[in-house]
Amino acid sequence: KVFGISAAAAPAVTSLIYGISALGVFYLLLARTTELFSAAIAVLLFGLTRTVWIHHVIAEIYTFGLLLLIALYWLALRPNGAKTIYWLAFIGGIGVAHHRAIAMAIPALLYAVYPILRAQGRNLPRVLIISLLLGLIGFVPYLYLMLRAQAGAAWVYGEPETFAGLWDQFIGREASRFIGGVSSLDGLIANFRMVTEVLLTDMTPVGVIVGVIGLFLGVRHLTTRRAAI
């Protein structure tokens, strides 16, 4: 209302703001490992892919998740001692609480910050404990759901006033058909095909091949190895 935006358009505008912010951080990330012109072209190509572009213009959560994910990569490749670990834990906790799939980035992030972790020496246990506490902050909003339900709010998603209902929302049970364990080889193949079809549709087979070659070249060079992996 303050900016004169209608209630129907405002949620999509929010998606747009998060998306533009994500592309901005993505540019900063790429600018560290390549020349500025190449970074700008890469951001333009990435921003115009179907999956990225469409979520800039609809009322959905994915540009916010994209912003968190790219911010985590940016932080992991920005050497700043223990502060880097703390920021990763804090933003990572918000990210995993927001969308469980962000947890899939943890191995890559740990690889990127391994030199920082190793440099902590005897302080490592203290750093890890503080990081764990910072990560748990991201899950505090779930308590709000429980309190709103117990207060008799007119509409609350699910049944967060019960432990079972809160747990269902916490683990994202409604998304189990998209992400989770598989019980057979056919299920694993189906999941792999679902992901690769998105990449092939958005980037085309030629684009995917170029991307794989780029990652291979990035791993070969010491200055870009952490970023590529």
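Gln169 is placed in helix H9, which covers residues 163–171. This briefing describes a predicted model. With a relative accessibility of 13%, Gln169 falls under the 20% limit and therefore counts as buried. A search of the whole structure finds one salt bridge, and a nonpolar patch with about 870 Å² of accessible area lies on the surface.

**Surroundings of Gln169**

- Apart from neighbours within four places in sequence, Gln169 is in contact with Arg100, Tyr142, Leu145, Tyr157, Gly158, Glu159 and Pro160.

**The salt bridge**

- The salt bridge joins Arg50 and Asp202, whose closest N and O atoms are 3.1 Å apart.
- Arg50 belongs to helix H3 and Asp202 to helix H10 (residues 185–220), so the pair ties together parts that are 152 residues apart in sequence.
- The two partners are also described by their accessibility: Arg50 is partly exposed, at a relative accessible area of 46%, whereas Asp202 is buried, at 17%.

- The buried residues of H4 are listed as Thr63, Gly65, Leu66, Leu67, Leu68, Ile70, Ala71, Leu72, Leu75 and Ala76.
- These buried residues of H4 pack against helix H1 (10–31), H2, H3, H5, helix H6 (106–119) and helix H11 (225–228).
- Leu77 sits in the loop between H4 and H5.
- Leu77 has a relative accessibility of 16%, and because buried means under 20%, Leu77 counts as buried.
- Beyond neighbours within four places in sequence, the contacts of Leu77 are Leu29, Arg32, Ala112, Arg226 and Ala227.
- Leu77 and Val113 are separated by 36 residues in sequence, while their C-alpha atoms are 7.4 Å apart in space.

**Helix H7**

- Val127, Ser131 and Gly135 are buried in H7.
- These three residues cover an arc of only 70° around the axis, which puts them on the same side of H7.
- Helix H5 (82–98) is included in what covers the buried residues of H7.
- On the face of H7 turned away from the buried side are the exposed residues Ile129, Leu132 and Leu133.

**The nonpolar surface patch**

- The patch is formed by Phe37, Ile41, Leu44, Leu45, Leu48, Trp53, Ile54, Val57 and Ile58, which together have about 870 Å² of accessible area.
- Helix H2 (36–47) and helix H3 (50–54) each contribute at least two residues to the nonpolar patch.
- H2 provides the largest share of the patch, namely four residues.
- Phe37, one of the patch residues, lies in helix H2.
- Phe37 has a relative accessible area of 60%, and because exposed means over 50%, Phe37 is classed as exposed.

Note on methods:
Residues are numbered from 1 along each chain as its sequence is written. This is a predicted model: local features need pLDDT of at least 70, side-chain atom pairs count only at pLDDT 80 or more; totals for chains, interfaces and linings use all residues. Side-chain values use heavy atoms; hydrogens and water are left out. Patches are made of residues with over 30% relative accessible area and no salt bridge: like charges are joined within 9 Å, nonpolar side chains (Val, Leu, Ile, Met, Phe, Trp, Tyr) within 5 Å. Accessible areas come from the Shrake-Rupley method with a 1.4 Å probe; for residues, only the protein chains shown count as cover. A salt bridge is a side-chain nitrogen of Lys or Arg within 4 Å of a carboxyl oxygen of Asp or Glu. Buried means under 20% relative accessible area, exposed over 50%, partly exposed in between (1.4 Å probe, protein chains only). Contact means heavy atoms within 4.5 Å. The arc is that of the directions from the helix axis to the C-beta atoms.
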